[in-house]
Amino acid sequence: MISSVHFLLLSALLFMIGAAGVLLRRNILVVLMSIELMLNGANLALITFARIQANPHGQALAFLVVAIAAAEAAVGLAIVVAIFRSRRTTNVDDLDLMKN
Amino acid sequence: MPAKPQPRARTIAALLIGLFALSGLGQTAWAVEVDKAKKPESKVKITKVQPKAAKVKIPTQDRMVAGSTKVQGKLDPGTTGRASQILFFILAALCVCFSLVTITRKSPLMAAMSLLVVFICLAGVYLFLAAPFMAVIQIIVYAGAVIVLFVFVIMSIGLNEERSIKDLGTEILYFVCAFLFTGAGAAMYHFGQTWFMQYALFGLFELMAFGILVWYLRFPLTRFLGAAAVTFALLQVVKLVTMEPVLIGKAGLVRGADVHTVAASPGAGFGDAKVIGHSIFGENVFAFEALSLLLLAAIVAAVVVVRSRKEQSS
């Protein structure tokens with residue numbers, strides 16, 4: 001029988017994979033994609049709890065999260081394009097302007 | 001390895017046929033499940049006093065709709081049947097596998113494409129949670145807008161990857177093998193009769209699956225140690241999944257029950273656009289307005305950031 005545990009496990013797995021991507025990958029585009037994965041994991045947890053409680057506010061919150069994720073992707077990708085224009089790289093290790 | 005076009009095309013064709021067969025099988029099984037649920041069953045007794053009269057009076061379909069909270073274990077057949085459980089596990093496994101592909105690919109384009117698969121499968125998962133509106137939003141916003149934005153940026157800044165996608169077919173083949181091994185191991189764990197079948201074969205299959213994953217997908221871990229660790233983690237996950245589910249319902253922690261019997265009954269139109277609209281424009285209207293400001297700021301910020309230097313100075 002599928003229970004809410006399964007959905008929450010799936011959401012936790014997605015979140016962990018996204019976090020691993022953020023930590024391990026050096027390509028800034030893939031890092032942004034991993035952040036999207038993490039947001040999706042959080043969204044799945046929100047919708048699962050909305051279903052458990054039979055409360056539509058959880059889904060409304062997930063909807064707002066989707067909008068925020070879209071805005072984040074737009075700004076993040078704009079920053080990527082700007083960085084690539086000035087420094088010709090998408091590697092996050094090369095971006096050490098504030099280090100010295 | 002010299003990759004010939006012929007075997008790769010054959011691999012992809014076989015993969016597509018397999019996927020079609022799988023989805024057809026799932027749909028057929030789901031239809032059978034629904035069919036079974038519609039038929040009156042001898043196990044489900046509505047009243048003990050007048051079984052015949054009750055059966056004549058209440059048509060089975062009405063019983064499914066109206067009395068769905070009373071007849072335990074016979075709630076909506078779309079979410080509690082065995083076939084739909086299999087569908088859920090297929091979707092969940094695809095989600096996890098393709099999110100792993102997302103973070104392991106060298107090429108950002110491949111990552112974006114597998115992220116698309118994750119989003120679409122996740123939309124399917126949302127349907128299991130009585131959230132059709134969120135499923136549609138997921139497809140439109142994520143699979144539509146966000147992925148297109150990613151691909152657009154990847155294309156505009158150029159694909160300067162060192163490895164081409166020439167051995168993509170072989171990698172997909174290995175991935176499918178790993179997927180099948182994982183499924184076979186889980187099936188052994190669930191349906192195995194003897195100790196050997198249940199545990200030894202399970203462990204063997206999972207070990208093989210993760211060996212394949214770690215070796216051929218070049219997951220950046222110390223390989224054998226990583227394989228052992230991941231297999232152990234998967235064992236723990238399967239143990240968690242197969243143990244008595246613990247739910248956090250309205251009554252607090254509930255053991256040994258499932259979401260569809262313990263959870264509060266969601267009502268008829270739960271999760272469609274009307275209910276969510278009432279929530280957003282009613283109680284959460286402040287959040288909505290704040291969000292509109294945020295979106296405006298994001299648009300302005302994106303335009304300002306990508307504006308070229310020449311335009312900025314003039």
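Entry 1, helix against helix. I looked up the residues of helix 2 of chain A that meet helix 7 of chain B, and found L29(A), L32(A), M33(A), E36(A), L39(A), N40(A) and I47(A). Their partners in helix 7 of chain B are M134(B), Q138(B), Y142(B), V146(B), F150(B), V153(B), I154(B) and I157(B). Contact here means heavy atoms within 4.5 Å. By class, I get 12 nonpolar, two polar and one charged residues for this contact. Ala, Val, Leu, Ile, Met, Phe, Trp, Tyr, Cys and Pro count as nonpolar, Asp, Glu, Lys and Arg as charged, and the others, Gly among them, as polar.

I note the ground rules: this is a predicted model, local features need pLDDT of at least 70, side-chain atom pairs count only at pLDDT 80 or more, and totals for chains, interfaces and linings use all residues. Residues are numbered from 1 along each chain as its sequence is written, chains are lettered from A and ligands numbered from 1 in the order in which they are written, and side-chain values use heavy atoms, with hydrogens and water left out.

Next I checked the axes, which are lines fitted to C-alpha atoms over the stretch in contact, with angles from 0 to 180 degrees between N-to-C directions. Those of helix 2 (residues 28-53) of chain A and helix 7 of chain B come within 12 Å and cross at roughly 175 degrees. The two helices are therefore roughly antiparallel (over 145 degrees).

I counted six aromatic pairs over all chains. Rings of Phe, Tyr and Trp (its six-membered ring) pair if their centres lie within 6.5 Å; planes under 30 degrees apart are stacked, over 60 edge-to-face, the rest tilted. F7(A) and F88(B) have ring centres 4.7 Å apart and planes at 55 degrees, so I log the pair as tilted. F7(A) lies in helix 1 (residues 4-24) of chain A and F88(B) in helix 5 (residues 82-104) of chain B, so this pair joins two chains. Both F7(A) and F88(B) are buried (under 20% relative accessible area, with exposed over 50% and partly exposed in between; 1.4 Å probe, protein chains only). Ring pairs link F7(A), F88(B), F89(B) and F128(B) into a cluster.

Entry 3, chain A overall. I find three helices and zero strands (DSSP runs: H or I of at least four residues, E of at least two). Buried residues make up 57% of the 100 residues in chain A.

Methods:
Parallel < 35°, antiparallel > 145°, perpendicular 65-115°, else oblique.
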